[in-house]
Amino acid sequence: METTKKKRTREEVRAAFRETMRRKKEWLEESTKQLELLNHQGFFNY
Amino acid sequence: MNTLRLDFINKRAPYLVKENPHAVNSYVFKTDTGTEFVISLQENSSIVPSGAYEFGINNPHHGRSPLDTKLKYTIFAIVEEFFEQNGDEAMLYLAETGDEKQSFRNRLFVRWFNTYEQRDMYFIKTAEGKMDGEMIFLAIISRITNPRLPEIIEEFDETISFLFDPIEEKSDELP
């Protein structure tokens with residue numbers, strides 16, 4: 001059966017992208033904290 | 001996403017890549033100059049609605065290493081293994097490119113990609129423009145053998161056509 005894709009509107013596309021950039025900033029902060037923690041745990045001492 | 005094989009990554013990567021114990025689908029390594037990197041692959045359907053994985057690179061201390069070929073080959077060992085395990089997926093790379101330095105850093109990944117020995121195996125398309133007044137840079141990467149490639153390109157193009165701020169037309173008329 002053929003499925004029809006729902007076309008996204010300009011505002012939907014832009015809203016989804018804003019959410020992506022918000023999550024990206026969050027990930028940058030989280031992963032920076034994770035690196036600090038790993039350093040504290042001596043994870044890179046090899 | 002199929003899990004990446006760390007032993008395969010490390011057969012090719014000049015730097016020792018480890019799994020990030022604090023996150024899923026995330027890898028860490030340290031370069032000869034002591035610069036630490038976190039790499040992440042996260043599902044993202046905002047650009048390609050049928051599905052893609054966003055390739056995130058975090059270098060929190062912004063260590064400069066454009067000439068470090070070991071860094072390039074370590075990152076590509078992860079990229080290669082992603083496509084080995086997920087041949088019908090697409091990889092998305094996106095970044096804000098605020099100032100010149102940021103812009104240079106963010107495009108480095110794509111520049112490396114274009115000089116990569118196995119470049120012919122991949123399709124890559126980039127786009128750059130302003131969104132809400134901020135410059136952003138996007139790239140979509142897929143194996144050319146990916147059966148989903150036409151759909152991925154179509155969806156990427158459609159998203160880009162909507163994404164960027166409209167260009168303000170300058171009027172020649174006097175106020």
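This is a predicted model: local features need pLDDT of at least 70, side-chain atom pairs count only at pLDDT 80 or more; totals for chains, interfaces and linings use all residues.
Tutor: Two strands count as paired if DSSP finds at least two bridges between them.

Student: What makes E2(B) and E3(B) a pair?

Tutor: E2(B) and E3(B) are joined by 5 bridges. The rule asks for at least two, so E2(B) and E3(B) are paired. The two strands run antiparallel.

Student: What lies between E2(B) and E3(B)?

Tutor: The two strands form a hairpin, with 5 residues between them. B:Gly34, in the turn, has a positive phi of about 85°.

Student: How do you know that strand E3 and strand E4 of chain B pair?

Tutor: DSSP gives 7 bridges between E3 (residues 36-44) and E4 (residues 52-58) of chain B, in the antiparallel sense. The rule needs at least two, so these strands pair as well. B:Leu41 has B:Phe55 in E4(B) as its bridge partner, and B:Asn44 stands opposite B:Ala52.

Student: Which strands make up the sheet of chain B, and in what order?

Tutor: The open sheet has 7 strands, ordered E1-E2-E3-E4-E5-E7-E6, with mixed pairing.

Student: Why do strand E1 and strand E6 of chain B stand at the edges?

Tutor: E1 (18-19) and E6 (122-131) of chain B each have a single partner strand, so one side of each has no neighbour in the sheet.

Student: What packs on the sheet?

Tutor: Helix H1 (residues 10-40) of chain A does, touching E2, E3, E4 and E6 of chain B. The direction of H1(A) makes about 145° with that of E3(B). Helix H4 (residues 149-163) of chain B also packs on the sheet, touching E5, E6 and E7 of chain B. The direction of H4(B) makes about 10° with that of E6(B).

Student: How do you know that the length of H1(A) agrees with its number of residues?

Tutor: H1(A) has 31 residues, and at 1.5 Å a residue they should span 45 Å. The end C-alpha atoms of H1(A) are 45 Å apart, so the two values agree.

Student: Which residues of H1(A) are buried, and what covers them?

Tutor: A:Phe17, A:Ser31, A:Gln34 and A:Leu35 are buried. Their cover includes E2, E3, E4, E6 and H4 of chain B. Of the 46 residues of chain A, 9% count as buried.

Student: How many residues take part in the contact of chain A with chain B?

Tutor: 18 residues of chain A are in contact with 19 residues of chain B. On the side of chain A that touches chain B, 10 residues are nonpolar, 4 polar and 4 charged.

Student: Why is B:Thr3 called exposed?

Tutor: B:Thr3 has 11 C-beta neighbours inside 10 Å. The cut-off for exposed is 12 or fewer, so B:Thr3 counts as exposed. B:Thr3 is found in the segment before helix H1 (6-12) of chain B.

Student: What makes E3(B) mostly covered?

Tutor: In E3(B), 7 of the 9 residues are buried.

Student: Which residues touch the most other members of the largest nonpolar core?

Tutor: That core has 37 residues, and those with the most contacts in it include B:Val48, B:Ala52, B:Met91 and B:Ile140. H2(B) gives the most to this core, with 7 residues. B:Ala52 touches residues including B:Ile47, B:Ala90, B:Leu92 and B:Ile140. In soluble globular proteins, nonpolar side chains tend to be buried together.

Note on methods: Residues are numbered from 1 along each chain as its sequence is written. Chains are lettered from A and ligands numbered from 1 in the order in which they are written. Two residues are in contact if their C-beta atoms, placed from the backbone, lie within 7 Å. Ala, Val, Leu, Ile, Met, Phe, Trp, Tyr, Cys and Pro count as nonpolar, Asp, Glu, Lys and Arg as charged, and the others, Gly among them, as polar. Helices (H or I, at least four residues) and strands (E, at least two) are DSSP runs, numbered from the N terminus. Axes are lines fitted to C-alpha atoms, for helices over the stretch in contact, and angles run from 0 to 180 degrees between N-to-C directions. A residue is buried if 20 or more other C-beta atoms lie within 10 Å of its own, exposed if 12 or fewer, and partly exposed in between; C-beta atoms are placed from the backbone. A nonpolar core is a set of buried Ala, Val, Leu, Ile, Met, Phe, Trp, Tyr and Cys residues joined through C-beta atoms within 7 Å. The expected span of a helix is 1.5 Å times one less than its number of residues. Lists of a residue's contacts leave out its neighbours within four places in sequence.
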